[in-house]
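Please open the model in your viewer and keep the selection panel at hand. The stops below say what to select next and what is there.

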Amino acid sequence: MLWARRMLARYEAATSGYFDAMGWFGTRAARRALDAQGQPIPWFTYPAIALLEPRIDRGWRVLEFGSGMGTLWWSARVAEHVAVEHHAGWADMIAAQSRATVHRVDGATPGAYIAPTRGQDHFDVIIVDGIHRNECLLAAPALLAADGIVILDDAQRPEYTPGIDALRAQGFRVLPLHGPQPVSKHPGCTAILYRPDNVLGL
């Protein structure tokens, strides 16, 4: 019967399927972005993580607007990782657990939030996953190396369309990576914004 096959499919997914292999049940229970071995991963979609991980270069400089489990993951893999975080307690915790330089900032306005990045440039990767995302997207090209990429999480949300469109107008292409993600039971989209001859070879 159909209901029995559905129940079997759910059981198989939980014990030997994709979600089990990704460690999704453990990450859902822990409410933290973790892989199947319990190690931190970004709260990106699993397809995005799969595309990024084998392409990471140890010499990269990475800037992250927002911080979290992804900060621990990136900072263990690249030469320099700079994160901007508006939540003081969270910033202190992530700084203590990672190799990243975490700037604790006032998030009341976009200008105050982005301020620590002024005067810096040539990041290979800029991650937009905190507050004021449209403004962070607008600021990203001036901070990016010529072959650098921008990663926008939760790119399926319509409120981020202005920032995406602004980068498209500057010659960026968009690769949306839809799919399941750690912790959440809802599908998401992590988008990679890139220009020709980029660090990922896209």
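## Stop 1: a glycine in a loop

Select G119, which is found in the loop between α7 and β4. The model is a predicted one, and that applies to every stop. Is G119 buried or exposed? G119 has a relative accessible area of 85%, and since the cut-off for exposed is over 50%, G119 counts as exposed. G119 and G23 are 96 residues apart along the chain, and their C-alpha atoms are separated by 40 Å.

## Stop 2: the aromatic cluster

Select Y18, F19, W24, F25 and Y46, which form one aromatic cluster. The structure holds 6 aromatic pairs. One of them joins Y18 and Y46: the ring centres are 6.3 Å apart and the planes stand at 80°, so this pair is edge-to-face. Y18 lies in helix α2 and Y46 in helix α4 (residues 46–52), so the pair ties together parts that are 28 residues apart in sequence. Helix α2 itself covers residues 18–22.

Colour the two tyrosines by accessibility. Y18 is partly exposed, with a relative accessible area of 41%, whereas Y46 counts as buried at 5% relative accessibility.

Move on to W24 and F25. Their rings form an edge-to-face pair, with 5.3 Å from centre to centre and 85° between the planes. Here W24 is buried, with a relative accessible area of 13%, while F25 is partly exposed at 33%.

Which kind of surface patch do Y18, F19 and F25 make? The patch is nonpolar and has an area of about 260 Å². Patch residues need over 30% relative accessible area, a cut-off that Y18 passes because its value is 41% and that F25 passes because its value is 33%.

## Stop 3

Hide the surface and select E53 and R77. The structure holds 6 salt bridges. E53 and R77 form one of them, with 3.3 Å between the closest N and O atoms. This pair links distant parts of the chain: E53 sits in the loop between α4 and β1, and R77 in the loop between α5 (69–75) and β2 (80–85), 24 residues apart. E53 counts as partly exposed at 38% relative accessibility, and R77 is also partly exposed, with a relative accessible area of 26%.

## Stop 4

Select residues 133–143, which make up helix α8. Which residues of helix α8 are buried? They are R133, N134, C136, L137, A140, P141 and L143. To view what these buried residues pack against, show β1 (61–65), α7 (110–114), β4 (123–128), β5 (144–152) and α9 (161–169).

Centre on R133, which has a relative accessible area of 8% and is buried. Its side chain meets that of D129 in a salt bridge, 3.4 Å from N to O. D129 counts as partly exposed, at 23% relative accessibility.

R133 has a salt bridge with D154 too, at 3.1 Å from N to O. That pair links distant parts of the chain, with D154 in the loop between β5 and α9 and R133 in helix α8, 21 residues apart. D154 is buried, with a relative accessible area of 11%.

D129, R133, D154 and R157 are linked in a network of salt bridges.

## Stop 5: a buried asparagine

Select N198, which is placed in the segment after β7 (188–194). Is N198 buried or exposed? Its relative accessible area is 9%, so N198 is buried.

Show the backbone of R195 as well. A polar atom of the N198 side chain lies 2.8 Å from the backbone oxygen of R195.

Terms used. Residues numbered from 1 in each chain as written. Predicted model: local features only at pLDDT ≥ 70, side-chain atom pairs only at ≥ 80, totals over all residues. Heavy atoms only, no water. Buried < 20%, exposed > 50% of the residue type's maximum accessible area, 1.4 Å probe, protein only. Helix = DSSP H or I, 4+ residues; strand = E, 2+ residues; numbered from the N terminus. Contact = heavy atoms within 4.5 Å. Polar contact = N/O pair within 3.5 Å; in protein donor to acceptor, adjacent residues only side chain to side chain. Patch = residues over 30% accessible without salt bridge, like charges linked within 9 Å, V, L, I, M, F, W, Y side chains within 5 Å. Areas by Shrake-Rupley, 256 points an atom, 1.4 Å probe, with all protein chains shown as cover. Salt bridge = Lys/Arg side-chain N within 4 Å of Asp/Glu carboxyl O. Phe/Tyr/Trp six-rings, centres within 6.5 Å; stacked < 30°, edge-to-face > 60°.
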